[in-house]
Amino acid sequence: MSDFPDRTSAPDAQPLLRPVRLGALELPNRVVMAPMTRARAANAELAPTDLHATYYAQRAGAGLIVSEGTWVSPEAIGYINVPGIYTDAQTAGWTKVTEAVHAAGGRIVSQVGHLGAASHPDHHGGRLPGGPSAINPQEQSFTPEGLKDTVTPRALTAAEIATTIDSYRQAAVNARRAGFDGLEIHAQGSHLLAQFLNPRLNRRTDAYGGSAERRAQLLLDIVDVVSEVWGSDRVGVKLSPYWNRGPAFTADAEVLADYDQLLKRLSDNDLAYLQLVGPEPGTGVGTGTDSGTGTDSGADAGADGPLAAFARFRAHYRGALVANLGFTRESGNDLLERRLADAVAFGVPFIANPDLVDRFAHGHPLAEGDRETYYAGGVEGYTDYPTVSGS
């Protein structure tokens with residue numbers, strides 16, 4: 001856990017604007033840009049373009065940018081127009097992004113992930129997607145023909161799990177080649193690693209299922225292989241213990257107790273940080289809403305549920321925490337003052353406010369984003385939002 005007073009060189013500044021060290025990552029402020037799918041990689045290579053470089057560079061005032069979730073392999077794909085990081089062309093595209101961010105004075109880590117059973121055969125030439133077990137997660141996948149319900153997947157074989165772990169290792173190598181400052185493992189929501197953690201979806205009886213400890217083994221194996229590439233102090237993990245959507249994901253007492261133990265185990269890995277999504281305020285559980293997906297609820301962190309949740313996280317995890325729950329400037333500062341997190345992730349506010357940190361610093365009102373353009377493709381609603389100065 002970082003020491004709040006000792007790592008502050010500007011004690012009179014609002015907490016969000018104070019510097020912090022997360023592992024090997026030295027941040028000038030505690031405003032993290034959350035990973036957000038924006039569906040702008042509308043090309044056959046699923047590679048980032050100059051448009052992506054402009055978008056991320058515009059937001060380089062963040063203490064840290066976490067890239068949109070990127071596919072670690074073709075098998076990982078589950079939404080259209082989302083970039084990958086498994087080919088040379090994709091790696092070259094991301095290199096343009098990191099160079100632009102660094103030239104603008106920013107820091108950026110690559111978020112890597114796999115949709116697993118929450119994908120659809122339309123993304124895989126008609127083949128069933130793979131998951132921990134042959135159980136339909138009852139989600140939806142955005143295919144070239146629009147949203148489609150998921151189907152019953154095939155259970156990944158032991159050999160396929162080994163290949164999946166290696167795909168994360170190669171993605172970590174490519175992220176280093178591309179010039180990122182670190183790596184974040186996407187283990188939240190309904191993605192593959194969250195499916196393995198889930199007792200309703202993971203009915204395996206091998207080394208990757210059958211108990212909470214074994215259900216967590218895939219995530220821990222992936223943490224190990226990417227840490228070999230990066231060093232653990234440049235690796236983060238994003239989890240959503242309170243994710244509560246559909247029949248498969250229910251943040252009941254048993255699930256939360258499993259996450260308590262997982263956080264304790266991750267404490268031994270000396271990670272840069274954990275990014276943790278809290279519960280929807282006033283409910284005590286999550287609702288599937290996440291500020292890192294473009295559907296931020298604008299939650300008030302002053303509600304009893306969120307405060308209790310982040311206090312719970314603090315009790316079980318010794319390292320640095322990045323809090324994610326649709327925070328405002330006021331609620332984010334409050335959480336930091338209470339020492340319940342070391343930094344705060346903002347998703348939707350960064351869409352229409354590329355100069356979000358400056359707006360926080362000077363008390364300027366925030367612009368509202370156009371939801372119709374969140375995933376529409378192109379410049380509109382992506383790189384055309386002005387700063388307060390009008391640029």
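**Cavities, a helix and a tyrosine**

Guide: By class, 10 nonpolar, 4 polar and 2 charged residues make up the lining of the largest cavity. Here Ala, Val, Leu, Ile, Met, Phe, Trp, Tyr, Cys and Pro count as nonpolar, Asp, Glu, Lys and Arg as charged, and the others, Gly among them, as polar. A cavity is a set of points on a 1 Å grid over the protein atoms alone where a 1.4 Å probe fits but cannot get out, and lining residues have an atom within 4 Å of a point.

Visitor: What kind of model is this, and how are residues numbered?

Guide: It's a predicted model: local features need pLDDT of at least 70, side-chain atom pairs count only at pLDDT 80 or more, and totals for chains, interfaces and linings use all residues. Residues are numbered from 1 along each chain as its sequence is written, and side-chain values use heavy atoms, with hydrogens and water left out.

Visitor: Which residues lie nearest the centre of the largest cavity?

Guide: Ala194, Asn198, Phe249, Val255 and Tyr259, out of 16 lining residues. The largest share of that lining, 3 residues, comes from H7. Helices are DSSP runs (H or I, at least four residues), numbered from the N terminus.

Visitor: And what lines the second largest cavity?

Guide: Leu197, Ala212, Glu213, Arg215, Ala216, Asp258, Tyr259, Gln261, Leu262 and Arg265 do. H7 gives the most here too, with 5 residues. By class, that lining has 5 nonpolar, 1 polar and 4 charged residues.

Visitor: OK, on to H7. Which of its residues are buried?

Guide: Val255, Leu256, Tyr259, Asp260, Leu262, Leu263 and Leu266. Buried means under 20% relative accessible area and exposed over 50%, with a 1.4 Å probe and protein chains only.

Visitor: New topic: where does Tyr208 sit?

Guide: In the loop between H4 and H5.

Visitor: Buried or exposed, that Tyr208?

Guide: Tyr208 counts as buried, at 15% relative accessibility.

Visitor: What is Tyr208 in contact with, leaving aside neighbours within four places in sequence?

Guide: Its contacts (heavy atoms within 4.5 Å) include Ile161, Ile165, Phe196 and Arg214. As for Arg245, 37 residues apart from Tyr208 along the chain, the two C-alpha atoms are separated by 23 Å.

Technical notes:
On a 1 Å grid over the protein atoms alone, a cavity is a set of points where a 1.4 Å probe fits but cannot get out, and a pocket is an open set with protein on both sides within 12 Å along at least five of seven lines; lining residues have an atom within 4 Å of a point. Helices (H or I, at least four residues) and strands (E, at least two) are DSSP runs, numbered from the N terminus.
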